[in-house]
Amino acid sequence: MDSVYDLLGACGLYCGACYHYRASLPEGQHLLEMAVDQGRSLDGYGCQGCRSGVLYCHPGCSHCAVRRCAEGRKLVHCGLCSEFPCDRIRAFQSGGRIHHRDVLVHLEELMVIGPDRWLAQQAQRWRCRCGAGFSWYEVLCRRCGAPLASYGSGPAARQDPSAPRNAGVRTLNGG
Ligand code: SF4
Ligand code: SF4
Ligand SMILES: [Zn+2]
């Protein structure tokens with residue numbers, strides 16, 4: 001797989017905003033500290049993105065059936081699949097993690113604008129107005145303190161259509 005697409009999840013996630021990826025960056029020390037506070041092991045916690053060769057090693061993306069399926073079909077992402085949206089990707093989207101809920105929309109966008117523009121748009125989307133990148137579940141910018149347009153403070157809440165867009169709980173738990 002072309003390394004320029006390391007941060008493009010086959011499922012439509014943008015890995016550049018994932019806490020496993022951002023914890024791997026020099027500026028991601030606070031995410032590692034947060035994981036330790038929550039009792040997580042840092043062994044294999046970091047990730048270089050879905051299409052990289054260095055994946056978060058606990059159950060999650062390293063064992064992801066969607067990624068395996070797309071790679072088996074030699075597809076950059078599921079939107080290019082003749083079976084899209086299949087039951088597997090629908091189950092992934094509705095499986096409970098807040099950051100999963102936009103993947104079908106993302107895959108549709110990818111079909112329209114292509115991976116290069118989409119990745120550039122996502123990089124912008126997950127950047128504070130001061131220029132600092134942030135992850136799905138950071139609510140305040142580490143650099144300037146501004147509120148961030150994230151998904152809230154944690155990914156593990158079950159999806160509730162009536163919940164506010166940024167509602168969440170406080171457990172960092174998988175990609
Ligand atoms: S853990 Fe999954 S979503 Fe996060 S960066 Fe790695 S492949 Fe992407
Ligand atoms: S069958 Fe489903 S999971 Fe597999 S590549 Fe196609 S859309 Fe993705
Ligand atoms: Zn900022």
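Along the sequence, the protein chain runs α-α-α-α-α.

User: What should I know before reading this model?

Analyst: The model is predicted: local features need pLDDT of at least 70, side-chain atom pairs count only at pLDDT 80 or more, and totals for chains, interfaces and linings use all residues. Residues are numbered from 1 along each chain as its sequence is written, while chains are lettered from A and ligands numbered from 1 in the order in which they are written.

User: How many helices and strands does the protein chain have?

Analyst: Helices (H or I, at least four residues) and strands (E, at least two) are DSSP runs, numbered from the N terminus. Here there are five helices and zero strands.

User: Which residues surround ligand 2?

Analyst: A residue is near a molecule if its C-beta atom, placed from the backbone, lies within 6 Å of it. Around ligand 2, the residues include Cys69, Cys78, Cys81 and Cys86. α3 (65–72) and α4 (87–93) are the elements giving two or more residues to that shell. α3 gives the most, with three residues.

User: Where is proline 85, and what joins phenylalanine 84 to it?

Analyst: Most peptide bonds are trans. Phenylalanine 84 and proline 85 are joined by a cis peptide bond, with omega about -5°. Proline 85 sits in the loop between α3 and α4.

User: Is lysine 74 buried or exposed, and why?

Analyst: A residue is buried if 20 or more other C-beta atoms, placed from the backbone, lie within 10 Å of its own, exposed if 12 or fewer, and partly exposed in between. Lysine 74 counts as exposed because it has 8 C-beta neighbours inside 10 Å. Lysine 74 also lies in the loop between α3 and α4. Its phi is positive, near 60°.
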